[in-house]
Structures are given as C-alpha cells and as structure tokens.
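Reader: Could you take me through one part of this model in some detail? I'd like to look at the place where the two chains meet.

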Amino acid sequence: LLLIPTVLGVTIIIFTAMRLLPGDPLVAIFGLEGARRMTPEQRANLEQALGLRDPVVVQYGKWLRDIATGEFGKSLLRGDSVTQFVLRRGPITLEIAVLATLLSWLVGFPVGIISALRPNSRTDYASRIFSILFVAIPGFWLGLVVVLALILWFDYKAPILPVYPWENLQKNIEMVAGPALVMGLGFAGFVARMVRSSLVEVLHEDYVRTARAKGLHEQVVIVRHTLRNAILPVITWSSLFLGVALGGSVAIEKAFGVPGLGLTMIDAILDRDLPVVQNLVMLYTIVFVVVNLITDMSYAWLDPRIRYD
Amino acid sequence: MKRRLLRTFRILGLVVVVVLALAIVVGPAAAAAPAAQPSEPFYLKAIDHDKAKRGGTLRLAAHGPPSMFDMYASGTIANVGAQAPMYDLLVRQDPRDPKLPIIPSLATNWTISPDGMTYTFHLRRGVKFHDGTDFGAEDVKATFDRIVFPPANLLSLRILPIKETVVLDRYTVQMKLSEPRDSYTFLASLAGGWNVITSKKALDQYKGDLKQVDNFPGTGPFMYKSRTTESWELVRNPNYWNPHAPYVDRIVHVWLKAWTPELAAALLGGQVDWGMWLDPSAYQKAKASSNMSGLVWLAPNLSSWIGFNNDREPLNDNRVRRALHLALDQDALNKITQQFDPTVQMADYLPPPYGKSYEELMKEYPYASATREKAIADAKKLMADAGYPSGIAKTFNFVVRESPQNRQLAAYAQAEWERLLGVKTRLEVVQVSAMVDRQVAGTFDMISHCSCLGGADLSATIRMCYSINKATGKKSDNNFTNFKNAEFDKLLDQFSSEMNAERKLQLGRQLNQILNNEMPNSAMYANGRAYGWYNYVKGLPKTGGNSDYNTYQWDYVWLDK
C-alpha cells in the first residue's frame, strides 16, 4: 500500500518540476512565427482549450484523472498521444532492457561463481578487473565507441524506423543488440561482483561445510546449497536493473539512434515537450515501483523463511 | 523587274532581321513578366518528361512531425513539408525553376481588371477531392475566406490583401483586393505553399478548425495513407487531374529534425533519397559526392542578430543605436555566424534591388575593413553627441536565444560595446520557446535573433517587422523593436500599392535608407536552407529561389533507379 503514496509523491515532484521549466507550449504547437502572430484573444482561447489557464491544482487533478484512466496526454510537438508512443516505441525499450538483464545474468553469474571458487587466483583478479571496468565505464560513452567502431568497420547505419521482432527478427536484433550488449555488460559487472561476494560469504557458512562433510558432490553444494542462498541480493539488483535499464536506455538509445522510449524522452526534453516528459517520467516511475513490488514478492518464493503479513 | 524583286527581298530581309532583333530583346522581358493569362490547358510535366520513369517510393527526410494539421494556422515546415503533396494551390510557383512566372494549378487561367484590383480565375473542370466530392468555385471561396477571415477563435498566419472572394459561377471565382498590389506580388502570394485548397464541405464540417484533422480533403497528386510517430506515408492519387503526374507511386516522409546528425547520417547513409535543411557539414558532403546533389534556397525573411528595444531609454535615441551598430565589426559577425551556418550572410535591411547586396555592402562604409577605424570614431562621436561621452552607467539586459551562434555572437557584441563605448550588458540566455514571451512583452533592452518570417509580398513582411497593423492601429505583431516612424509608414503604404516597377524600386530604396538611418536593429543577415539528394531523384530545380515552402508537392519528380 506504500506504493500509492510513493507514486503520488512522485507525481507532485514531476508536476512541480515541469511547471518550473521555462517555455511556451503554443510555440511547440504553432511554431515560433505562429506564436508571435497570435492576438492576445487567440492566445487566451488556445491556452483555455489546452487547459493552461486552469488553476494549478485543477491542472494537477486533471492529470491524475488522466493517469487513472490510462490517458497519458498528448505531445505538444508531435501530435501523438503518449500512449501511442508507449505502444510503438515501448516494445523496443523493453526488449533492450530484458535482453540487457538476461545478458547480465549469462555473463555475470559464471564470472562471479568462478571468481568466488578460486579467490585471489589469476582468474579471480582478471574477472574482478573486468567487472570493475564495465561498472565504471559509462554506458553512453561505451555506446558511442561501439557505434563508432560499427560505423568504421561494418558500415553501420542507425535505424530510422522501429523494426519489431514479429516483423523482421534479424533487423530487430541488429537494432537492439548493440544497446542491449553495452547495457548488459555494465550490469554483468555488478552481477559478477555481487555473486562473488555473496558466494564467498555463504561458502564459509557451517551448513556448506556440513554438506561437503556429508560427501556431496561440489557441483551440488554450489548449485543447490550455496547459490540459492547467495542469489537473493542478486535478484534484488536485477530487478533494479530492469528499472535502471529503462532509465539508462535514454542515453544509450540516443548513442545508437534506436527509436525507443529513451530517444523519445531525449527529444521531448530538448523540445520542451512537457506532457511527454511528464508522462513518460510518470510511466517509468510506475514501472520501477511495480517491478520492485514483484521483486519483494518473489523473495517469499525464493526463501520460504521470508513471509509478508 | 529583277532589281525590283531584289529590292523587295532586301526590304523583307530587313523586316525579318528587325522583327528577330525585337523578339530577342523583348522576348526574355516578356517571359519574365508576371504570368498574366496562361492559355489553357496547362499540365505540369517533369523537366525531362520524355525520359521519365514511373513508379517507386520516394523516401524523404522531413522536419517534423506536425503537432497539428491546420495548414492555415501553422508557421512550421513540419506541416507544409508533409501535407503539401495532398493538395493543390489555386496558382503555383513553377517548381522546376523558381525564376519562371507563376503557373496555373486549379485555376487554368485568369484575367486582371485594368485597375489591378479584381482578379477573375477560371477553374479546372472535372477535378475531384480525395473524398470523391467535386471541386468548384465554392471550395476556393471557402478556403480563402478561412485564410483571410478566420473565425474568431482560429488562427491564420497568411496575409493576403483580399477584400472579398465572389463565386461567379461553378467554375469561376473572383477576388477583389483590399488594396492594390502588382500582379506578380499578388499571384506569388496566392502561390504560397500554405494556401492549399480544401473543400467547403470539410471546412463547414469542422467549422474551419482543422487542427486535429490529419486528412482533410485535397485534390493533390498524393493521397494520405498512414502516419506513425516516425513517418507520414502518401500514395499516388490514381484520379489526379494531371494525366502526366505524379511520377512516383509512394512517398514516405521520415521525421528527422532539421540540422541534426541523425538527418545527416540517414541521408549520407542512403536511408533516405532526399533531405531538407541539412547542417553545413552534411550539405558540403552531399555537394562533394559524385552521386549526390545539393542546393540552397534563400529564406525570404527579414532577420537580424540583434534587435534594440526602440522604446527604452537611451535606445530610443537613434544616435545610440547607430553607435552600437557601428561599434560592431559586421564582417567579424558574419564570420562568427558562418562557422555555424555557411549559408548565412550579412545583408542590408531590405533585399536587393531595394537594399544592397553583400558584395556591395562590403565595399563601402561602415562595412569595408578600410573604414573600420572611421566607423569606431563615428560611433564614439555619436555617443558623445547623445550625451554619453564616457559610456552609459546602466547595464543593459541582452536577451539571447539559446543556440551556439547566438551565444557566441552576443558575447562578441558584449565585449566590443564595453571595450569601445563603455556600454555594459548582462546576457540572459533563454530557450527558443521562452523567446516569444520576451519579444511580445518587450522585456529586453537588446534581443538576439530578431527574425521576421517573410513571404512573397515584401511589403507585408516589412509591415509585419517595422510598422503598424492597419487593422488594429497598433504595432505589428513582429515589430519587436517597437520601431515607429511616420514617414516610413507613409512610404510603406505607397510601396505596397505601387504598380509601377520603377517607382516601386525608388520607394523601396527610400524605405531601406530610413531603416539604415534609424537602425532599429543591427547585424542584418540573410540565410539559406540547404537540401541534398541522390542523383537518381530527377526533376528537381538546379537553382534555388526564395520560396522552398512552395515546392513540396513532388508531382514533378521521378526516380531513375
């Protein structure tokens, strides 16, 4: 239930921040010359029609009502509704986020496990260096370097229209692979470090020593007894990744020129397209909060000792 | 007998020579004169129509998308760029060569009354809107009534001197002018790409408010198919009235913002066939490429980098304004702005032939480098005459539009004014969307990027930028500098209604001179818009004019691939 006040708090922050930004919505709609040539009466009529003349509290109330009814407003500049943006570009961003999270597991888990099983060995040092490196390098910078390499060596062309997996799988993979790889490797560094530290801690627990003393095979000890207990913090982080991936995609989609929600957000910010910024931030917040809720609930499934009253 | 015959041949030969010579001398002048009454029927063809191939998809990088669809209320290229192919104009600028006269479109021919105040247009028959309704004179009247007399709650950005549009019969419409215009100016104004003809039925249905109607009916060469957040797709109109056009089957406008790297990458990477408003680097690359072409169209705007608030002390004194102008090395300003956009060039207040060209300006005081010292000395003297021999105590508020060139230019002006004249300024950088509030409210001492959107009718543009709105009696909507000059207003009235070219030229030059004396703003410039395309896109003009907004119908273009 804390979810409701959290979301409401965020709506107040977003709404206030958007109202503090300078800019004239009528310039976005009619162009600079159009806005200049309006008479005061025409301006008043148009602002009235857009609801800009309503008291701030009324504007806020209308926005909450729209969110509740799934009407996420309309772009001032592009004519499309935010719902249209989400339906058209959301799948691309979601695909990137999911692929990045999966990749982080595929790379991070083995690296973390090997590193934990051979602590202070060359393998451990190498994996730790690479983990720190991928954590430290900003995704957007790595993205730019990768794009540059792709352009120079593979004649890469940034996509100008979204291609969905159900339309053309190969082109879709070409489009999302770069951002997913860059983001996924960054997350993999986190996962590897998290898995390593959790495993190293759990490997010294008494029940692990008991399991080994019983003569269980080392693989069984690691997978069934150790990893299951070490995985909880990684799950927490991974759920955060999904949220971070949505937010992080803003810069990485721009670097790769991928037409996802992140690129939409950047364009909207640059154009002062406030309804789009406001509603997309709101949407990201809702996704983030819901993913956290699902994560909390998954704890109980992973560790039966955890119960929510 | 033989001698008489020979003499007759000699006389005949002489007559032929004289006639030929007259034809050569008079011919081009006659061709360049405003198209008075083109003969019917006229159907536009591509430049090399006989070689033209049909079919294919034309992929255009277009600035957009539009935020609404009312062409008459829009001031952005996002509308006219994408929507124009769906419509026809009453008359049009020849897209194959913008220097040619105005040509027929939905009007097949027209007559002009001797006093130049009444135009009678004979309309094309058998034309249908895309929704199947017939086109006729009522539609022309409804369209121009929407443009000239918009309903109270709606906006129209087009300025046309039309007092009344009268339907004479189903295919004849008459326009009565509210004030005289020379025929070229009036017809060129009608040919503006925004004045698309739609149906009376649609205008009645939506009460003239087309903001949310993405497919209001047109008669144009292409029909609306679909739009997404990334693109706008049109298909060939199979029932188009011109049997020769259009040549391509499909147009896909991909939204790519003007002057961005994304646009450049899409064009140079071959993902689109044509791109509009390229950044300087992309334009140069397109020009340099053997399989691409590039072209610059001049913008018909009256623009300055710096506007002075002529209402505020001490900027209401033209000596101070002139001193501030003289203190700036205009060629240096030119070079600063050309770093960002090579199409930008310093200009006079009014374009040639009324004002001077860049080359002429650079040869004389105060722009020629040899006269720079004198210009600075004169600036100091003007300040002393105005009562400020050692500078002004006040710190001026210089509102600067957020953009690299505006910031750099304002910083240069700030440094020079303080160094040479002891005039201090505080730079306030604001976003483009916040500029309008500042311009309209007049809350500035100086303001950067004081640009005024122009059209075919220069007198309307001048009135918009430097005079009063005759309907309201108040200053015009784009007269941000609050410039007031009774003599100027009187001359402008004469200029706008003058039918004689020579007298009009003299009046225009006088207007330009007044502006140069009064100096309501500084650093006037003209700029262009750069285009690039692949050579397999055929039919595009070789030289640009000053109204690229009028050429986006694409019915004269074909694909050779």
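How many salt bridges does the rule find across the interface of chain A and chain B?

Author: Happy to, and keep in mind that this is a predicted model. The rule finds 3 salt bridges across the interface of chain A and chain B. One of the salt bridges to look at joins Lys254(A) and Glu262(B), with the closest N and O atoms 2.8 Å apart. As for polar contacts between chain A and chain B, the count is 3 residue pairs, with both residues at pLDDT 80 or more.

So much for the polar pairs; now the chain A side. The elements giving two or more residues to the side that touches chain B are helices H2 (25-37), H3 (40-50) and H5 (82-117) of chain A. H2(A) supplies the largest share, 11 residues. Sort that side by class and you get 17 nonpolar, 14 charged and 6 polar residues.

Now zoom out a bit. Chain A puts 37 residues in contact with 46 residues of chain B.

Terms used: Residues are numbered from 1 along each chain as its sequence is written. Chains are lettered from A and ligands numbered from 1 in the order in which they are written. This is a predicted model: local features need pLDDT of at least 70, side-chain atom pairs count only at pLDDT 80 or more; totals for chains, interfaces and linings use all residues. Side-chain values use heavy atoms; hydrogens and water are left out. Contact means heavy atoms within 4.5 Å. A salt bridge is a side-chain nitrogen of Lys or Arg within 4 Å of a carboxyl oxygen of Asp or Glu. A polar contact is a pair of N or O atoms within 3.5 Å; within protein, one must be able to donate a hydrogen and the other to accept it, and residues adjacent in sequence count only if both atoms are side-chain atoms. Helices (H or I, at least four residues) and strands (E, at least two) are DSSP runs, numbered from the N terminus. Ala, Val, Leu, Ile, Met, Phe, Trp, Tyr, Cys and Pro count as nonpolar, Asp, Glu, Lys and Arg as charged, and the others, Gly among them, as polar.
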